[in-house]
Amino acid sequence: MSETPNLDPGDWPAFRALARRMLEAALDHMEGAADRPVWRETPPEARAALSAPAPWEGAGAEAAAEAALEHILPFATGNTHPRFVGWVHGAGTPGGLIAEILAAAMNANCGGRDHAAILVERQVIEWCREAFGFPEGAGGLVLSGTSMGTVLALLAARERAAPGARKQGVGTARLTGYASAESHSCIARAFDQIGLGAEALRLIPVDADFRIRIDLLRETIRTDRETGALPFLLVGAAATVNTGATDDLSALADIAAEEGLWLHVDGAFGALAALAPALAPRLKGMERAESLAFDFHKWAHVNYDAGAVLVRERSLLLEAFGQGADYLAGMPRGLGGGKPWPSDMGIELSRGFRALKVWFALKEHGLNRIGEKIAENVACAARLARLAEAAEDFELLAPAPLNIACLRWAPPGFTGDLDSLNREIVMRLQESGVAAPSTTMIRGRLAIRVNVTNHRTRAEDMDILFEAIRREGKAALPPLATRARPG
Ligand SMILES: *Cc1c(COP(=O)(O)O)cnc(C)c1O
């Protein structure tokens, strides 16, 4: 049988020209981020193109590139835009393009072995260890995000609480964890995913500032012990997703020490506030955690996706994930050296070179600069909260201690359903392309949730957004009012 050519370009000069054109298109996309609508619905032609059957015959790089430019690139989430203020999305940076190109060129498998990519990941983890005040000997991994970091941290905590659980499972031991009712859903999901059951996570009510009630936490741990449960994990929030509230992490660290619990901090975005000197004191106690999960793709603006888990003692990760397959044994020298490998400290075996874009972003901008932008984002949210508080036709639904403001438009005299009205406003804002906030529920009321984790957002964007909410609200009034009237 005759051999076919490999999958490299048949015509390298033509491929280089195509690649350069695509780089230009990517740069145009980033440089022009503010000039487009924040979001546009993916049109029918693109949807049709993206539901075509499997390509048994290749169309070639040129055709694939053209299709991507036409049907994919223009219809992004929009989080590169300065007025993307929904959910918790970072804004990305052009430097990320460079790192992603180099990572693709290396095509490194970061499951293990002795090569520079592994050293880059270790260095990134070391930088974070220093930035977050963890002791030497801490370890961690660059991961897809905080959800994955939470799963790893919980598995390490489970193995410490019930040694041998990796082999025998936890049997009838009722391993129980604690977090505030405002904790992110990824924590309860991690309990589900590792087989403890989501209800093994006890959700403790919060105070007026949306922080975990320490008194109720102590009480719940006590009654759980009395009924035969095995408390093993305490989760603190370094900024909750709803309102940006940060738990009293020092108090949680004290309780964890007294009760022999593993303290895990969900610092998805909030941990990064440690890079802003004015905000760092609020995180006191975070450095005493056993583990910390956080994202680079949110407040460090590393292009999606990249997060990490940091564990106080690297050995705890090795105990939870180390493995002995013959074909993965290390060697004293050569490419098979460099143990322990990332695959001995986490779930994945084959892993991409996510660490490079993190390394690049931190090296390019520096931790201080990232901290400056974080402080500016916090000022933006405070500005919007002040506007809402001062206006007759707005309500601020929660304190805005960090980068999130939850508010709603509530024109005096309006007797209809404010939840529907504000949901309608958010959809209209997104469809208008002017801004993209999201929604959440605050104490049973629907809020327009404005989250600023965006280095392109400026104070004036808050003013534009504020006026746009009012404008869309007024425009939304007649049909809703009509609908609300009976008959
Ligand atoms: C985003 C977020 C998570 C989940 O992180 P992913 O990177 O999306 O997996 C967890 N906790 C908080 C507070 C978050 O904002």
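Biologist: Is Glu258 buried or exposed?

Modeller: Such labels rest on relative accessible area: under 20% is buried, over 50% is exposed, and partly exposed lies in between (1.4 Å probe, protein chains only). Glu258 has a relative accessibility of 52% and therefore counts as exposed. Please note that this is a predicted model, in which local features need pLDDT of at least 70 and side-chain atom pairs count only at pLDDT 80 or more, while totals for chains, interfaces and linings use all residues. Residues are numbered from 1 along each chain as its sequence is written, and side-chain values use heavy atoms, with hydrogens and water left out.

Biologist: With which residue does Glu258 form a salt bridge?

Modeller: A salt bridge here is a side-chain nitrogen of Lys or Arg within 4 Å of a carboxyl oxygen of Asp or Glu. Under that rule the model has 26 salt bridges. The partner of Glu258 is Arg218, and their closest N and O atoms are 2.9 Å apart. The two residues are 40 residues apart and link distant parts of the chain, with Arg218 in helix α9 (residues 214–226) and Glu258 in helix α10 (residues 249–259). Helices (H or I, at least four residues) and strands (E, at least two) are DSSP runs, numbered from the N terminus. Arg218 is partly exposed, at a relative accessible area of 34%.

Biologist: Which parts of the chain are tied together by the pair of Asp463 and Arg383?

Modeller: In this salt bridge the closest N and O atoms of Asp463 and Arg383 are 2.8 Å apart. Asp463 belongs to helix α15 (residues 459–484) and Arg383 to helix α13 (residues 367–390), so the bridge joins parts 80 residues apart in sequence. Asp463 is partly exposed, with a relative accessible area of 27%; Arg383 is also partly exposed, at 30%.

Biologist: Which residues are linked in a network of salt bridges?

Modeller: Glu395, Arg408, Asp419 and Arg445 are linked in this way. Glu395 is partly exposed at a relative accessible area of 26%, and Arg445 is partly exposed at 37%.

Biologist: Let us return to helix α9. What distance does α9 reach from its first C-alpha to its last?

Modeller: The expected span of a helix is 1.5 Å times one less than its number of residues. Helix α9 has 13 residues and reaches 19 Å, close to the expected 18 Å.

Biologist: Which residues of α9 are buried?

Modeller: They are Leu217, Thr220, Ile221 and Asp224. Seen down the helix axis, the buried residues of α9 fall within an arc of 100 degrees, so they line one face of the helix; the arc is that of the directions from the helix axis to the C-beta atoms. These buried residues pack against β2 (175–180), β3 (201–204), β4 (230–237) and α10.

Biologist: At what angle do helices α6 and α11 pack?

Modeller: Axes are lines fitted to C-alpha atoms, for helices over the stretch in contact, and angles run from 0 to 180 degrees between N-to-C directions. Helix α6 (residues 146–161) and helix α11 (residues 314–321) pack at about 85 degrees, with their axes 9 Å apart. That makes α6 roughly perpendicular to α11, given that angles under 35 degrees count as roughly parallel, over 145 as roughly antiparallel, 65 to 115 as roughly perpendicular and the rest as oblique. Contact means heavy atoms within 4.5 Å. Leu152, Leu155, Ala156, Glu159 and Arg160 of α6 make the contact with Leu316, Glu319, Ala320 and Phe321 of α11.

Biologist: Finally, the backbone. Where does Phe210 lie, and what is the geometry there?

Modeller: Most residues other than glycine have a negative phi, and most peptide bonds are trans. Phe210 has a positive phi near 65 degrees; this residue is in the loop between β3 and α9 and is buried, with a relative accessible area of 3%. Asn107 likewise has a positive phi, of about 50 degrees, but counts as exposed at 64% relative accessibility. Asn107 is in the loop between α4 (95–106) and α5 (116–131).

Biologist: Which peptide bond is cis with omega near 0 degrees?

Modeller: The bond from Lys339 to Pro340 is, and Pro340 is found in the loop between α11 and α12 (354–365). The peptide bond from Tyr304 to Asp305 is cis as well, with omega near -10 degrees.
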